[in-house]
Amino acid sequence: MELEILVCIKQVPHPDHFSEIRLDVSSGRIIREGVPAIINPLDRNALEEGLRVKEKFPGRVTVISMGPPQAQKALEEALAMGADRGILLCDMAFAGADTLATANTLFYAIRKLGKFDLIYCGNETMDSGTAQVGPQLAELLDIPQVSGVQEVTFGDEKILEVKRALEHGYMKVRVKLPALLCVTRDINRPRLPTVQSIMEVAQKEMIIWKAKDIGAPPESIGLKGSPTCAAGVYEHKTGRRREIMQGSIEEKVQRTVARLKELGAI
Amino acid sequence: MVSQHSGLTNVAQWGRLYVRNDEAGKALSPIEMVNPGYYILFKNVESCGCLSKGHLQNKLTEVKMDLNLSREHEMLRDMVKEFADNELAPRALELDNKGEFFWEQVKRSGQLGLMGVINSKEYGGTAMGHLARMILIEEISRVYPPLGFFHQTGNLLMYAIETFGSDEQKKKYLPALCKGEKVSALALTEATGGSDPANMQTEATLEGDDYVVNGRKSWISAVDPADFVGFVARTGDKFSAFIVEKGTPGFEVTRREETIGLRSLPVNEFALTNCRLPKENLIGEEGRGLASALTTIATIGRTGAAGVGLGIARGCYEIALKFAKERVLYGKPIAALQAIQFMLTDMNVEIEAAKWLCYSTAWQLDQGKTSRDLAVDIARCKLYAVDVANRCAYKAVDIMGAYGLSPEYRVIGLLRDALELGVAAGSQEVMKITIGATITR
């Protein structure tokens, strides 16, 4: 069984630098420029799972990402972890994409690639957290999809047994390849690259495609292809107020409760 | 790497290599200077794979200044930082308190390829070079200096074998050392001190096909866990370097010194008593051992100690800065107080200066300069980075008050580790002698 494995990854702001992220109130955009970035943590779990599958069966792992030119760094990190090739979907025409336009872009790129057996995605991203792109992509490709994946077992005839997380338990499902799996953090612990694998990145293939390279209709991608409309954005600020209650313990408690009621807190 | 750009003038960048591509992604023309701020390193040419090395060398001769790290070095730093933060930091205090050699962490270093960055691929290394080594020692020492310092001492014999050893020695010893499965030490110092090596008493006499060695070495790091120990002994009126393997009759670790810092890295004394070593254990030529050892200590030992110093300084700065931003006194974080800001500013500036002294020296070693060419540079970076480590550690303790004295908050441990660096790989005064004698020549 030779498997063609695709892993979709996204470059997101580094959590240590979240305080440097700014909002453009006029356009409703998050301004990420200049903020150090990492591979979305769950996407690393997705890549790790893809790499583990490749260790069991012969195959190839391709990482694919839509993003600005600097997203190439995320793909290089994925290559350093062990992926075989990277594809960056990079074009101003992709800018401003919501989850549907992102899924469309990935769909056209994957259609251009042709054969695939397994697509791994992180269950959601750290910066947006919609958990929509994976399922939307599966729908567009018309293949089965499982989200909340905690464990995958390979059976015969390209059938997987997948354990997916539920709020109070888990569900086991069987799914036939080709399929798309959205993984959770419980599934594995992503590996670190090694010095050797870092040195090999330069020899690996990196493909950069624009919108016209993947034949994506302009109305389906970027801002034009995004039905989601941000009505407005604002920076939420949490202020703290302090009051000191005087009197005996009983009086302080009574006054505190009365004051909290007055403020509508309880 | 040749990216498949579709624009006519798009430029694919890898490291410091630039290739112009046409619509189909085919390399259009010779590599050219697309940005006058960049230059091209010939050693990276092979990684391009699109134009012949000879062709490029004919076209590109100009070398200009570039202070950017290559993408490989950036990725190495990210990887080591993650290793240090996730795997070393949670256990640093426990390992320090235990005071036992950290085998698990050394093996993990080997798995990640960190042990063999200065060794060639043929013998299990990655040949990533001295700047890579400086970066990894800095990142590790920021969190757990004993392992950073082990990358200093543990690389000594690896470098000596790679540079001066025979092919048989390289094949026999280097692969396991690069993997971190076995470890090594290098010994020069005797009870009379390390700054006057020509006075050493350990002696090797040739008897038949064996050297018979007698003597004693003191204050040597990590002899106890070492599988292989390199040492220098008198052979007649000259000095020669040898390898002794653990378990060889007549070789005995006789003492572990009690040290105040780097507590999980043993510092040992060992004795050689009628210890017979075959001729194959001689490193390089007989009579050239002291020169080989001093070159090794300058190239690997001093730069390594500088890297540890740089890492400790950064560790102290990061902890103190975070503390100062969170610790509230008089209704505001102490970071708002000028007295605290001045200390943090001093640390910030000195670390940046130390970093560039260290990086430029390591980079020059990667360009093929020798420890002889760089004697002053190497002394400068060791002297300064270690001084900065000590000053930053003291300031961090000051900023943090009583918390600074608590091992749980790490800076007091980093201060103890910094104190050890002054005497390692040549004392601070020896560094000053090297620089002073040269600049007043």
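What percentage of the 266 residues in chain A do buried residues make up? The share is 41%, and the legends below tour this predicted model.

**View 1. Chain A as a whole.** Let's begin with the overall picture. Chain A holds seven helices and 13 strands, and its C-alpha trace spans about 75 × 45 × 40 Å along the principal axes. Take the contacts in chain A between residues at least 6 apart in sequence: 70% of them join residues at least 24 apart.

**View 2. An open sheet of nine strands in chain A.** Follow the order β11-β10-β9-β12-β8-β1-β6-β7-β13 from one side to the other; the pairing along the way is mixed. At the edges of chain A's sheet stand β11 (169-176) and β13 (205-209), and each has a single partner strand, so one side of each is left without a neighbour in the sheet. From one strand to the next, the twist averages 35°.

**View 3. Strands β8 and β12 of chain A side by side in the sheet order.** Here β8 (residues 118-122) and β12 (residues 179-183) of chain A run parallel, joined by five bridges. To find one of these pairings, look for A:Y120, whose bridge partner in β12(A) is A:L181.

**View 4. Helix α1 of chain A packs on the sheet.** Helix α1 (residues 41-56) touches β1 (3-8), β6 (59-66), β8, β9 (145-154) and β12 of chain A. The direction of helix α1 makes about 150° with that of β8(A).

How values were computed: Residues are numbered from 1 along each chain as its sequence is written. Chains are lettered from A and ligands numbered from 1 in the order in which they are written. This is a predicted model: local features need pLDDT of at least 70, side-chain atom pairs count only at pLDDT 80 or more; totals for chains, interfaces and linings use all residues. Two strands pair if DSSP finds at least two bridges between them. Helices (H or I, at least four residues) and strands (E, at least two) are DSSP runs, numbered from the N terminus. Axes are lines fitted to C-alpha atoms, for helices over the stretch in contact, and angles run from 0 to 180 degrees between N-to-C directions. Two residues are in contact if their C-beta atoms, placed from the backbone, lie within 7 Å. A residue is buried if 20 or more other C-beta atoms lie within 10 Å of its own, exposed if 12 or fewer, and partly exposed in between; C-beta atoms are placed from the backbone.
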